[in-house]
Amino acid sequence: MKIDIGNITTRIAFTCAKFHNSIAILGESGAEKLPGKGAMLFKSNENPQPTYLQGAYISRDELEKLVTFVKSQPHDLNRKFVIPEMDISQFSAIVDNTGELLHSNKKELAEIIRWMLGRKSVSKMQIMQEFKMGNRADAILDSLYSMNLITDRNAKQPRTVLPNSIGEVSDDVISFLQANDISEEDITEILESKT
């Protein structure tokens with residue numbers, strides 16, 4: 001049986017086992033090369049060329065905990081398509097890994113800041129390669145900019161790392177790094193050996 005996908009203008013493809021599957025979804029190959037864990041190719045009328053996107057990845061454990069939580073909520077069988085309201089604090093108490101996950105992201109950001117402070121400039125591609133990540137690097141660059149650690153976007157050029165000494169790093173950033181086991185002495189040493 002042949003399926004006509006010509007009238008479906010917006011398409012998303014996640015990792016495919018074979019290039020034939022990618023052709024069936026997007027009309028061209030490419031999705032078979034995606035790394036997985038939320039990586040996708042997006043195609044629409046406005047974006048006729050497939051655009052690489054990084055979606056939020058939810059592990060199997062997190063998904064099982066979320067489904068268990070939703071199933072444990074009281075629901076009306078006559079309104080089966082209504083998702084029960086969730087109190088976020090209640091969900092956080094049930095899914096105890098959320099705090100751990102946030103902590104690991106903070107640790108990751110602290111490690112990226114430590115690495116970046118030892119450089120004169122930084123780019124999205126460098127972060128992606130150094131920390132083995134996808135388009136999350138964009139959000140990280142935005143965070144670094146909001147912390148006044150790098151310059152604003154300048155076309156596709158690497159961004160200049162602003163602090164050259166410990167005095168140019170804000171107290172908030174220093175406190176954040178110290179909370180993630182990076183001492184003020186470490187920061188000073190990194191800045192002095194900037195390459």
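Is Trp 115 buried or exposed, and what is its relative accessibility? Trp 115 counts as buried because its relative accessibility is 17%, where buried means under 20% relative accessible area, exposed means over 50% and partly exposed lies in between (1.4 Å probe, protein chains only). The model is predicted: local features need pLDDT of at least 70, side-chain atom pairs count only at pLDDT 80 or more, and totals for chains, interfaces and linings use all residues. Residues are numbered from 1 along each chain as its sequence is written, and side-chain values use heavy atoms, with hydrogens and water left out.

A search of the whole structure gives 1 aromatic pair. This pair consists of Trp 115 and Phe 131 in an edge-to-face arrangement, at 5.5 Å centre to centre and with 85° between the planes. Rings of Phe, Tyr and Trp (its six-membered ring) are taken to pair if their centres lie within 6.5 Å; planes under 30 degrees apart count as stacked, over 60 as edge-to-face and the rest as tilted. The pair links distant parts of the chain, with Trp 115 in helix α4 (residues 97–117) and Phe 131 in the loop between α5 (124–130) and α6 (136–146), 16 residues apart. Helices (H or I, at least four residues) and strands (E, at least two) are DSSP runs, numbered from the N terminus. Phe 131 is partly exposed, with a relative accessible area of 21%.

The loop between α5 and α6 also holds Lys 132. The phi of Lys 132 is near 50°, a positive value in a residue other than glycine. Most residues other than glycine have a negative phi. Lys 132 is exposed, at a relative accessible area of 71%. A positive phi of about 65° is likewise found at Asp 181, which is not a glycine. Asp 181 lies in the loop between α7 (171–179) and α8 (184–192), and Asp 181 is exposed, with a relative accessible area of 58%.

Strand β2 (residues 39–43) is mostly covered, as 4 of its 5 residues are buried. Strand β1 (residues 11–13) runs antiparallel to β2 and is joined to β2 by 3 bridges; two strands pair if DSSP finds at least two bridges between them. Ile 12 has Phe 42 in β2 as its bridge partner. Strand β3 (residues 51–54) also pairs with β2 in the antiparallel sense, over 4 bridges. For Leu 41, the bridge partner in β3 is Tyr 52.
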